[in-house]
Amino acid sequence: LQLSHSGRYSCKGRVNVVFPLWKVSELVTVTVRRVPPSGVSLSMQPPRGQVALGDRLVLSCEVAMGTGPLSYSWHREGSGAPLGTGPHLELRHIGDNDSGQYRCRVSNGDSVAESDSLNVTVL
């Protein structure tokens, strides 16, 4: 089902086989809407929120419900611009300034949902 399937529909059927008589139903309006994103959660590799200086960190954003297309943006507390887009954020060589609270924001064009914060500590 797509947004473009919204519209007015009717059906037409033959009532009598011997003397073909066609009947048309009343019009029915069908409106297709996007399901707002919800249940946004984060996970990370390595697990437990701790990563060694210089190592690789991958954050993943999962959406329990929502129809799209979905767009993702990554944010760290205190950082203005988004850190990335897409369901995964990869930091290849983690530094001291990468510690902090990370969030994922998901939008379907009509509404936005945000994950809880995930605390990342660089050791």
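Strand S11 and strand S13 (residues 118-122) pair in the antiparallel sense over three bridges. Within this pairing, Gly 100 stands opposite Val 120 in S13. Strands here are DSSP runs of E, at least two residues long, numbered from the N terminus. Two strands count as paired if DSSP finds at least two bridges between them.

The model is predicted: local features need pLDDT of at least 70, side-chain atom pairs count only at pLDDT 80 or more, and totals for chains, interfaces and linings use all residues. Residues are numbered from 1 along each chain as its sequence is written, and side-chain values use heavy atoms, with hydrogens and water left out.

Stay with S11. Strand S8 (residues 71-76) pairs with S11 (residues 100-107) in the antiparallel sense, over six bridges. Tyr 72 stands opposite Val 106 there. S11 also pairs with strand S12 (residues 112-114), again antiparallel, over three bridges. S11 and S12 form a hairpin with four residues between them. In the turn, Gly 109 has a positive phi of about 95°.

Side chains of opposite charge can pair when their charged atoms come close. A salt bridge here is a side-chain nitrogen of Lys or Arg within 4 Å of a carboxyl oxygen of Asp or Glu. Arg 105 stands opposite Glu 114 in S12. These two residues form a salt bridge, with the closest N and O atoms 2.6 Å apart. Arg 103, Arg 105 and Glu 114 are linked in a network of salt bridges. How accessible are the two partners? Relative accessible area sets the classes: buried is under 20%, exposed is over 50%, and partly exposed lies in between (1.4 Å probe, protein chains only). Glu 114 is partly exposed at 36%. Arg 105 is partly exposed at 33%.

The whole structure holds five salt bridges. One of them joins the side chains of Asp 110 and Arg 34, at 3.3 Å from N to O. Asp 110 lies in the loop between S11 and S12, and Arg 34 in the loop between strand S4 (28-30) and S5, so the pair ties together parts that are 76 residues apart in sequence. Asp 110 is exposed, at 57% relative accessibility. Arg 34 is partly exposed, at 25%.

Another salt bridge joins the side chains of Arg 76 and Asp 98, at 3.8 Å from N to O. Arg 76 lies in strand S8 and Asp 98 in the loop between S10 and S11, so this pair ties together parts that are 22 residues apart in sequence.

Now turn to an open sheet. Three strands form it in the order S5-S7-S10, with antiparallel pairing. Strand S5 (38-45) and strand S10 (88-91) are the edge strands, each pairing on one side only. Strand S7 (residues 57-65) pairs with S10 over four bridges. Val 58 has Glu 90 in S10 as its bridge partner.

One annotation covers much of this ground. UniProt lists residues 37-121 as "domain: Ig-like", in an unreviewed entry. UniProt positions follow the numbering used here, feature names are shortened, and annotations may be inferred rather than shown by experiment. The span is 0% helix and 54% strand, and its end C-alpha atoms lie 28 Å apart.
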